[in-house]
Amino acid sequence: MKFTRRGALRSLFAIGASFAGTRGQEAKAAPSTPNKDQPRIVDDPRLSPASIKGTEDMYRSEFASTFGDAADHGTAFHCVNCQGNCAWTVWSKDGKVTRESQSANYPAISPDIPDSNPRGCNKGAQHSQIMYNEDRLKWPLRRTGERGAGQWERISWDEAITEVAQNIYDTMTTVGPEGNYIHVGAGMLSEARGASFKRLGTLLGAVRPYIASYVGDMFPGTSLVYGEGNIGCTYDFMFNTNVQVYWGCNPNQTRIPDAHYIWEGKYNGSKVIVITPEFSATAIHADLWVPIKPGYDGHLAMSIMHEMVKHDLFDKERARTFTDLPFLVRDDNKKMVTLADLDLKWDGFDHDLHEDLHHIAHGEENAEEVFLCWDERTGKVTALPGSRGAALKTLRLKDRGWDITPALSIDDVGGGKKVQLKDGTTVGVHTVFDELKEELKKFSPEATHKLTNVHPEVVSILARDIALPEVVSVTIGFSLGKHFNGMLTQRAIGSMVALTGRMGPEGGMNTENEWSISGLGGLSGFSGKYKQRFASGAISEFVLGDGMKDAEKLFADEDMQTATGTDFATYRKAIEQELKPAANDEGVGKGKSYWDTVETFLIAADARFRRNKGGYRDAFLKKAKFFAYVDFRMSDMATWADILLPARSHYEVYDLRTNPGYHRFANISQPPKGLKHIGEAKSEWDIATMLVEKLQEIALAKFEQTGKQEHIHIPDDTHSQTGFRELDVVATTFTDNGHLGTDKQAVEYALANVPQFRGETLESTVGRGGFLTVNEQGGKSAPLYPNEPYSTLENHLALHEPFETLSGRMTFYVDHPIWIQSGAAIATAAMPLSPKRFPLLLMTPHARWSIHSTYKTSATLLRLQRGEPYVMISPKDADVRGIRDGDTIVMHNDLAEVRLMAKITPVVPDGAAVMEHGWEPFMFEGKTGHNALAGDMLNLLEVSDGWGHLKFGVHWDGNQHAYAGNVEIRRA
Amino acid sequence: MVERQLAMVMDLNKCIGCQTCTVACKTQWTNRDGREGMYWNNVETKPGQGYPRGWEDAGGGFDANGNLQPGKVPGRRSQYGVPWDYNHDELFNGETFTKGQKAKWGPNWDEDVGAGDFPNNFYFYLPRICNHCSNPACLAACNNQAIIKRPQDGIVLVDLDRCQGEQQCIAACPYKKVYFNALRSRTEKCIFCFPRIEKGLPPACAEQCVGRIRFVGFLDDVESQVYKLVKVYKVALPLHPEAGTEPNVYYVPPLSGPLQYDKEGRPIPGSERIPPDYLESLFGPEVHGALDRLKAELERKKAGHPSDMLDQLIAYSHRDMFRIKSKPPGARG
């Protein structure tokens, strides 16, 4: 019987026979009590297997040859271009990397919180597969044909370095230091490796743009409210929340290593709310998904605030203490009233209290930055402590010696109040809270419903879920800031959270936490002796790429009117007027610096032709007299260079990465023992060291020839304390006499000098899998407890420390003239900028399958997608255009035409075209990438500067926008 | 006879679709030697045609009486998709980066599509490996007795020395988790990373799973999560149990997802975004009870009560998710 069964089956077994019906139908057809006429196959005694040792040994030996020898394993991370920061172990055999595996050895901070292993992702898991690809740059190359034509000759390192150094030298001696542009791009954000060219640029006085704003990943709206854009928590904090809100982000796709905390949090009783236009990979597991109309997030935030204020869903004491809501604002011109404006002898002013506070503080006071409230207790106008200009640096409203109860609304003290100014005149005042209430009237849930597609009932749920539970975290994604008015959206959401008063252990606003890491200055700087030319990222790239030309092509007056309230020409003029004072550094401190003097470019790891919008590439190449590029592979950017310098990739160097603070660990790379290097590739530190040595040689030779001092001491009276760039000693200065010239030295420097890493060495970190735990000094505005998840702002809540804002508080009000004029003095929302004649909004969120453009060309990863660039559209949008899934389509607007594949999915709303970002232009026919369709326009509010804490720097530099380019599509 | 059985539980509520498992498996086993087009581990979006395309309609398994059912070997191009290549070398010549082969399907072709109409549509991720069945159809179907089940751990292996490449196993597997290696003229499949297990390492897909959704252990180890989730709490179920192969990979089925919306945009209380019938078609009628138990525990936890079931699923310690050291049945610790 047993034997005939197989025989009988053979006849049934027509390979390829068709089989209809689904499993489900079959299941229903099956009898509930099967009457088995065949034994279970494993009960067949014949199955006692013969030895299959041959096969088993084959697989065993395969495993052994990928694993290699554990003693040889290296450690690494892949977040040179990512924010994930995960410790990996690199397996190798006979000097060749075979594969990688997460070290998965992070310690648990508490038995009650899931540990953070095995941090990593699909991209990191395949670096080994691309590091030996045929697109690796193995030796220096010099262009022999037109730029981008793909004609190269192999040259020696000495030839290559000489040519780059000579160009840098010639530019320094003709244009000056500001003619050079030396930059490590967003492709290398790690602290050790990235410091190489930063140090070089600083030493030579070259221009360096700010990365976060040119990639459009800033949180300027959050900075406005909190004085700091990067606030929030480590992701393990999510585990103990009551509600988690993910707004404009898709952590299941873009925070892969951290996402488990969200769902473990859900199992721990937390409610997960996702607010995104598309039914994202995160939304599918949420408790509530809010399908918002893209670009109207600010309107929703205002509506939620409307609901909170209307139904008293906020803590008034918190608002009085920690926000500027009680500050007095003039009725006539909407300016805040400062202590400097007031007649101090006026009897309505609480002069005694002011004196008392001054006495207690013993500090300096700047009356222009001291703000006033109406004290409910005394009925008098009172100068509040805690603002930037206040002598007393606390947010405490009550202590020994003072007791203030600021009126939130002027109506709370009877209304119709006036204050007496220095010139003796009186002026009517109200509060910032009154401003807010007035503004919120425009944003009732019923009024915003049509714009946002969010029903008032949902707004009501959101208001209560955010305001009422004990611990609520509101996370916003980078996509919000990619809309033209996205800064206002970030600010509206930030204000909404500020209204709830949540800080520290109660959760609150979460963007992207950063640790406070000190002691790294010496890696890229020279104790202030030499300064870089630090340029605005968003603005300098816009200017360099002739962004205004594209904007003019794409945006009609009508579009600008909708988004800004003025026509294109007027808006443009206002922008240009704002930009002028800081052009070419003429106005340091007067705005956002940028230089249009640059002609020689030395850039590493920066896919700017992929990233930037419209016609950027053409404009850049026209302005670049010389362009040297450093990369480990023939990326799209590399194909356009004059000289290509081959770099080592992630497993071939020593490196260190700390921030951002999704977790509390810093990761360290060390190459596997005995690694055979690829071609003649060198680390960026080695390249920089070779360059300064050559530069010194060139300068000294020239000096020997001419005897002219200016040939070794390049004048620089704005950015060098000595007034010069001393090229005769540039090599020894760079390496600090041989102490700092390699990637390994850079890591050792960091381990020796960063107090937050205290006590760690290369050996100790590599031994445990390539990481260390940032110690208690890593917390910025909250303590970093050893056994609790981190959450910012606790120091404000618990210790009443002022915020780094002008008001010293969470800030709702900006009385900068441009902001008042734009109707944006108080938190508000504005319409998106989008060319109306194209019906589909092109959205290009961060990718699951690449780290921006890194790994976009990985066959391993491409085989897990469609294998080529594709855009997702809704079934309806496809249907009306006669497009089928998999069709090649043309996506177009006034700026460009791009050919790619259509993928049809109901995940995407009608009226949208969604594609993962990062596709390299050379992956498209004609090498025109999708960002060629994305025009941009500078936002006047983001450009404005010089008010309180809104001054050019790492927290206030606007954003390059990406979601302003609408498109139409058709079948190719 | 099989003395002990290793099993895996995958929690679909924690799966984020990142495919780190797929890539980990690929670099461990299938990036070479004729296996390039194989995905011993794949993750597919459900509902969807999956990988290989339409595998659920390709037959195999047993009927209720234990008789093998006919099945077919999926088409290489149309159902698996070729592992397409690229011209990385030509980037030095100024060429555009292009796919060497025209592709009509691949292992993740219908990623994030699913079913239904926006905004009430639905999908979830389903990772799949060989189920290392207790009643393997592949084994039953092999003419050459080339498929065995290891006595010490129940891992199902194709003996490459006896395999003649006749592919009955592929047709017979209702999950289409056996693949043909054209280079070797043999079939190959997931080996549950037994060489890693023998060295004390969990399977690559499980150890490297970033969502922490995979538990591995012996089904007779009462301390193991697989035992608790499968036997005690009964929240982990086999896929397509009606195929009669008795899989040893179990799934915690997906909760229904966010509330649906009515025409005006109001959330519909108690609405089920993923149709229960659809889940039943995947996991059998037991799925309703399993989800009810899971939901009840979630309510308990929300109300502040402890839940051992959820604590197991939370998996506080990554290392403790794997209990793979072979011990005699009944042994503790």
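**Exercise 1. The sheet around E17 of chain A**

A:Leu328 stands opposite A:Thr431 in E17(A).

*Solution.* Residues are numbered from 1 along each chain as its sequence is written, while chains are lettered from A and ligands numbered from 1 in the order in which they are written.

Step 1. Strand E11 (residues 328–330) of chain A and strand E17 (residues 426–431) of chain A run antiparallel and are joined by three bridges. Helices (H or I, at least four residues) and strands (E, at least two) are DSSP runs, numbered from the N terminus; two strands pair if DSSP finds at least two bridges between them.

Step 2. Strand E16 (residues 418–420) of chain A is likewise antiparallel to E17(A), with three bridges. A:Lys418 has A:Gly428 as its bridge partner, and A:Gln420 is opposite A:Thr426. The hairpin of E16(A) and E17(A) has five residues between the strands, and A:Gly424 takes a positive phi near 90° there.

**Exercise 2. Two helices packed on H11 of chain A**

Determine how H16(A) and H15(A) are oriented relative to H11(A), and which residues make each contact.

*Solution.* Two packed helices are described by the angle between their axes and the distance between the axes.

Step 1. Helix H11 (residues 297–310) of chain A packs with helix H16 (residues 456–467) of chain A at an angle of about 70°, the axes being 9 Å apart. H11(A) is therefore roughly perpendicular to H16(A). Angles under 35 degrees count as roughly parallel, over 145 as roughly antiparallel, 65 to 115 as roughly perpendicular and the rest as oblique. The crossing of H11(A) and H16(A) is right-handed; a crossing is left-handed if the near helix is turned anticlockwise from the far one by less than a right angle, and right-handed if clockwise.

Step 2. H11(A) contributes A:Ser303, A:Ile304, A:Glu307 and A:Met308 to this contact, and H16(A) contributes A:Val459, A:Ser460, A:Leu462, A:Ala463, A:Ile466 and A:Ala467. Two residues are in contact if their C-beta atoms, placed from the backbone, lie within 7 Å. By class, the contact of H11(A) with H16(A) has seven nonpolar, two polar and one charged residues. Ala, Val, Leu, Ile, Met, Phe, Trp, Tyr, Cys and Pro count as nonpolar, Asp, Glu, Lys and Arg as charged, and the others, Gly among them, as polar.

Step 3. For H11(A) and helix H15 (residues 445–452) of chain A, the angle is about 160° and the axes are 9 Å apart. These two helices are therefore roughly antiparallel to each other, and their crossing is left-handed.

Step 4. A:His299, A:Leu300, A:Ser303, A:His306 and A:Glu307 in H11(A) meet A:Pro445, A:Thr448, A:Leu451 and A:Thr452 in H15(A). The contact of H11(A) with H15(A) has three nonpolar, five polar and one charged residues.

**Exercise 3. The two chains**

Describe the contact between chain A and chain B, and state where the pLDDT of chain A stays under 50.

*Solution.* Step 1. The contact takes 108 residues from chain A and 103 residues from chain B. Helix H3 (residues 53–67) of chain A gives the most to the side of chain A that touches chain B, namely seven residues. That side divides into 52 nonpolar, 35 polar and 21 charged residues.

Step 1. The model scores ipTM 0.97 and pTM 0.96. Chain A averages a pLDDT (the predictor's confidence in each residue, from 0 to 100) of 94, with 95% of the residues scoring at least 70. Over residues 1–34 of chain A, pLDDT stays under 50. Where pLDDT is low, the predicted coordinates should not be read in detail.

How values were computed. Predicted model: local features only at pLDDT ≥ 70, side-chain atom pairs only at ≥ 80, totals over all residues. Axes fitted to C-alpha atoms, helices over the stretch in contact; angles between N-to-C directions.
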